Each structure stands twice: as structure tokens, then as C-alpha cells.
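Me: I would like to go through this structure term by term. Please set each value against the definition behind it.

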Amino acid sequence: MHHVIIGAGPAGVVAAENLRKLDPTAKISIYGAEREVPYSRMAIPYFLIENVPEQGTHLRKNDRHYDLMNIEVHQQRVDKIDAAAKALSLEDGSTVNYDKLLIATGSHPVRPPIPGMELENVHSCWTLEDGRAIAEKAKPGNTVVLMGAGFIGCIILESLAIRGVDLTVVEAENRMVPRMMNEISGNLIKRWCEEKGVNVRTSTRVDGIEEGGDKALKLSFNDGSTMEADVVICATGVRPNIAFLEGSGINTDEGILVNPYLETSQADIFAAGDVCQGLDFSTGSYMVQAIQPTAADHGMLAANNMVDGREQRHRGCVNMNVLDTMGLISASFGLWEGSGGDRSALEDYDNYRYLELQFEDDVLVGANSLGLTQHVGVLRGLIQSRTRLGKWKEKLMQDPTRVMEAYLACAQAQA
Amino acid sequence: MQKSLTIDPEKCTGCLQCEMACSYQSDGLFNPSKSRIKVFNFHEEGRFVPYTCTQCDEAWCLHACPVDAITLDASTGAKIVNADTCVGCKVCTIACPFGTVNYNSDTGKVAKCDLCAGDPACAKACPTDAITYVDADATGYERMKEWAAKTDAGMTAGA
């Protein structure tokens, strides 16, 4: 039995480890496109602020981890899948046969279709190689423009600010992290950043970038204004890496389409992580969740289902995120925008504390939080267990911060 | 037989000795806000409920960690945060459905119960035996497992 995994990110590595546990004698091979030891993109911001050395970004810390688990790791891009022949074409022209295949190729940053995105000092911040280039160029006193105040933009904000650059953030939507936080909390994050000396321009788009002026780059905005910058960092979103699947017979939409067992439309081929359009717990629909916990869950489950005789049905992952924007911590869970039920909110704007809960009947279905670091995981637990809150719903309507008490009272029946 | 922390809220008087002992053991200071065990106060009912990590088998915190900073202590079954490896990304704090991994902004790392290497300070400090460290099949453990099962991403066919 040869299990092959395309992609050396968290989904691929977790899958390989679980496969080894469940199938001790199988051959297991990972193919990663980057010339790196398997690493975590999540850790790049902490590498940028020099909190961890480069090795600190590695998914596993023991250099011999993969050898010890008898998992082969190859630094080779897979160019093509031939599902009929159960074979892969690699970038060096060679072919590899598989019995079961997992596609965990992750995603890539997208750039807006505007002039100048190809210029030398315009960067994405996605790979470790990007991180090294930004660490080199984002020097104290340099003017840096960050395009996009989404999750990735916000998480690298602090690392840029700590590097002592003069920082401007440009976001097309009317607030920061618009796909994770509601209007109130997204604008509180904006105010927080402005108080820390970052220039934040929401509802603004960059129309084009050209060379020239006193600095390397000159940007023009949709309101007609312009500014000069030494470096532009583009963080305007990511898309699944599915282009290489053309002609493979594997059905795709935004990501790879899968059934509740994470199987694709081709036999013996599975998908996991950012590239997989998997089941969303809250909506029951299939969507791409480019988040670490989903990558790990998919990796575990896909590996299980790749082993003959084992079958686990996916219940769906709760979409959730946690973000530290220059020290202000925000989190989102499930249907944070609400779905027509009651909402309960604590709004303490002066102290940057915010918690909004969304209910369907007496069940918690979503939440947005700001400035909370204690027991936030219980929001996930309450959502995913669909715990009926009974009389505690009313208490949470009065004071949403009592979620931990509500959980103890309703789920553990300890109070 | 592996041991686990067993909590009997009926016996808790809300004295917070466990929180003091935990913060002193883990951070070297008496500061309940740093404690990895928390006593919740149900003031309308005059009840107190101590609560901390159950060291669940599913270990979402461990699996969600992108840098392998949470590992299993095979001797106690505890899931332990290695502070040198933790980058402070907080993914584990949202992944844990029990809400028992918390971010400490002073250290920039996360913290959770590590069972004090098999000699938990909270259990030793509890004057009323509301917190005990006993064989893992004792009462209360099954309830935690049920909650854990509900939050699992996958389910066995037919379950």
C-alpha cells in the first residue's frame, strides 16, 4: 500500500502521521512544492518579529521526525494527476504511483488585477521565502503599504510595526477583518491600530502602482490621492491551489469538491485543508475554510478514510479564527453574523472589550469577541455540541460574558 | 492506572486556595488571574464550581497547534505546553471546546493545566477534598468524555 500526500503543510503532515498510526506497514510519501522542511505559515509573523528562529516555524521540531516515523518527504512539485493510471507526474519529469492519494496543496495569495503588482518591491506575505524578503526590506523608517486588512494582513501588522516602519494599511471594505469580524468590532480594531500609530484607510482601493518618485514606488488610490512607499505588501486574500487538477477528472468549485468522507469525485483520491471545499458545521453547506484547525481535522479524518476498512463521516468543521492585531485579540466562531435569532452583546468601546453572541432559539450558533483571552474555546464547544441553554439563554442575553458558567450549568450539569 | 483530577463541586467552598496554589506553582506568584484552574461562582445558587483541563484523549489543542508546542506527557497523560516552542498564535485557545487553554498576554504564550508532573498543587491545597487526584475511572470523567465526543469532527459510521 502506497499512500501519497501532495502538500507538506499542516493537513498533509497530520494526515501522514495519522496514516502511520493506523497503517504501520504502508509506504507513506509527502510531496511538497517548496524547498523547505515542512513548516507552518501561521508562525511566519512570529519569525518576522524575531520571536522564533526560522526553525521555530517548522511543523515538527525533531530533525529526524519523518525518518523516525518512516514517512518520506520529497521537495518536488506535482504537476499532474492521472487518476486512471493512479500516477503522478513530478516537476523533474518522473512518475510516482499511488494506491491512495491525498491532495492537501493549500492555497496561494491572489493579487488584484491592477498595474504594477509585478514590481520588485511589491510582495506577498505567504511563504517563508516571502517572510525572509520582507524581513530584509521592511527596515526602520521605511514607508510600507499593506494592501488588505484581512486575517493575514492583520496578523503581520504587528510584526511590521515592531520593525519600526511607517505603516499604512489599505482595505477595500468598510472595516478591518471584514470576513471575520462585524462592523462594530472591525472598526474597533481599526481605531486600536490608529491609536498605535498605524494609518488605516478603509473603503479605499489601490488603483495602481508605478516606479518613481523619491521612494521606489508610487501608489494611486480610487479617491484620486497618491502616496510614495518603499515596499508594498499585498495580503488581499488566498485561493485554493487547484489549477494543476485541470484534466484530472477531479471536480472543483472554489476548492476541491468532496463528499462527507473527504473523497473527491475520483476513486481513492481525497482532499484536505485549505484546498478542500469541505462540510461547514454551521450551514451544512460545503465551503473552503482556510484555517489551521480545519486543516488538522481534515488531515486526521482523510487519513482515517484512506485506510481500508475504516470509514468516518465528517460532521463538519466550525469556521473559527483568532487574531492578535498589535495586542488586541479578536475571535470569531460559526455564524458570527447571526442567522435571524436573538443576539446579545457586551459593548465596552473605551476598553476595547466586545462580545456578541448569536442564537437560534436557545442554542448558541455564533460569536465575535474582542479583548477576551480566557475560556474563549468554550464558545466553540457550545456551538458544536448544540447545547440547549434553557434558562441560561436569558442570563446570557443579560450578560454574554457568563458563557463559561452557562457551559458548566448546561453541558456539565455541575451547577 | 492513570490518575486524573476529579472535581466535586458539592464540596467546594469557594476559598480559591487552588487558584493561589496553581498560580504560585506555575508562575511563582499568588495571582488567581494566572491560575490554570478556575473557580466559577454561581452566586444566585450559592455554589462554586472549580474547573480545569480534563486532559481529554481527543486533545484538540495538541492537534491544532501549528508548531508542535503541545505534547503528551506519557507518564501522567497531561497535554503540556512547551513555552519555548509556543509562538503565541492562540489557535489552541479556540480549538479547545472546554475553554481550558488560555492566552497569557504577559508571557505572549498560552497556558494550561499540566498536572504539575503528577503532583497537582491545586489538589494538595484544597482543604475540603473538592479537588482530588485519583484513578481516572472515578466519577465525573465519563461526563467529560461525552462532551468531548460531541465536539469531535468525525463520527464513526452508524454512530
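Reply: In helix H1 of chain A, the buried residues are A:Pro10, A:Ala11, A:Gly12, A:Val13, A:Val14, A:Ala15, A:Ala16, A:Glu17, A:Asn18 and A:Leu19. This is a predicted model, in which local features need pLDDT of at least 70 and side-chain atom pairs count only at pLDDT 80 or more, while totals for chains, interfaces and linings use all residues. Residues are numbered from 1 along each chain as its sequence is written, and chains are lettered from A and ligands numbered from 1 in the order in which they are written.

Me: What makes a residue buried, and how many residues of H1(A) are buried?

Reply: A residue is buried if 20 or more other C-beta atoms, placed from the backbone, lie within 10 Å of its own; with 12 or fewer it is exposed, and in between it is partly exposed. By that count, 10 of the 13 residues of H1(A) are buried, and the helix is mostly covered.

Me: What covers the buried residues of H1(A)?

Reply: The cover includes strands E1 (2-6), E2 (27-32), E3 (71-75) and E7 (100-103) and helix H7 (292-306) of chain A, together with H2 of chain B.

Me: How do you know that the length of H1(A) agrees with its number of residues?

Reply: The expected span of a helix is 1.5 Å times one less than its number of residues. For the 13 residues of H1(A), residues 10-22, that comes to 18 Å; the end C-alpha atoms are 18 Å apart, so the two agree.

Me: Why is A:Asn70 called exposed?

Reply: A:Asn70 has 12 C-beta neighbours inside 10 Å, so A:Asn70 counts as exposed. This residue lies in the loop between helix H3 (65-68) and E3 of chain A. A:Asn70 also has a positive phi of about 55°, although it is not a glycine. Most residues other than glycine have a negative phi.

Me: Why is A:Asp268 called partly exposed?

Reply: The count for A:Asp268 is 13 other C-beta atoms within 10 Å, which means that A:Asp268 is partly exposed. A:Asp268 sits in the loop between strands E18 (256-257) and E19 (269-271) of chain A, and its phi is also positive, near 65°.

Me: How do you know that E4(A) and E5(A) pair, and in which sense?

Reply: Two strands pair if DSSP finds at least two bridges between them. E4(A) and E5(A) have four bridges, in the antiparallel sense; in one of the bridges, A:Asp82 has A:Ala87 as its partner. The two strands form a hairpin with four residues between them, where A:Lys86 in the turn has a positive phi of about 50°.

Me: How many bridges join E5(A) to E6(A)?

Reply: Three bridges join these antiparallel strands, so the pair also meets the requirement of at least two. A:Ala87 has A:Asn97 as its bridge partner in E6(A), and A:Leu88 stands opposite A:Val96. This hairpin too has four residues between its strands, and A:Gly93 in the turn has a positive phi of about 95°.

Me: Why are E4(A) and E6(A) the edges of their sheet?

Reply: The sheet is open, with three antiparallel strands in the order E4-E5-E6. E4 (78-82) and E6 (95-97) each have a single partner strand, so one side of each is left without a neighbour in the sheet. The twist averages 25° from one strand to the next.

Me: How do you know whether the radius of gyration of chain A agrees or disagrees with that of a compact globule?

Reply: The globule rule is 2.2 Å times the number of residues to the power 0.38, and the radius is taken over C-alpha atoms. For 415 residues the rule gives a value near 22 Å; chain A has 23 Å, which agrees. Of the residues of chain A, 51% count as buried.

Me: What makes two residues a contact, and how many residues does each chain bring to the contact between A and B?

Reply: Two residues are in contact if their C-beta atoms, placed from the backbone, lie within 7 Å. The contact takes 48 residues from chain A and 38 residues from chain B. On the side of chain B, H3(B) gives the largest share, four residues.

Definitions and conventions:
Axes are lines fitted to C-alpha atoms, for helices over the stretch in contact, and angles run from 0 to 180 degrees between N-to-C directions.
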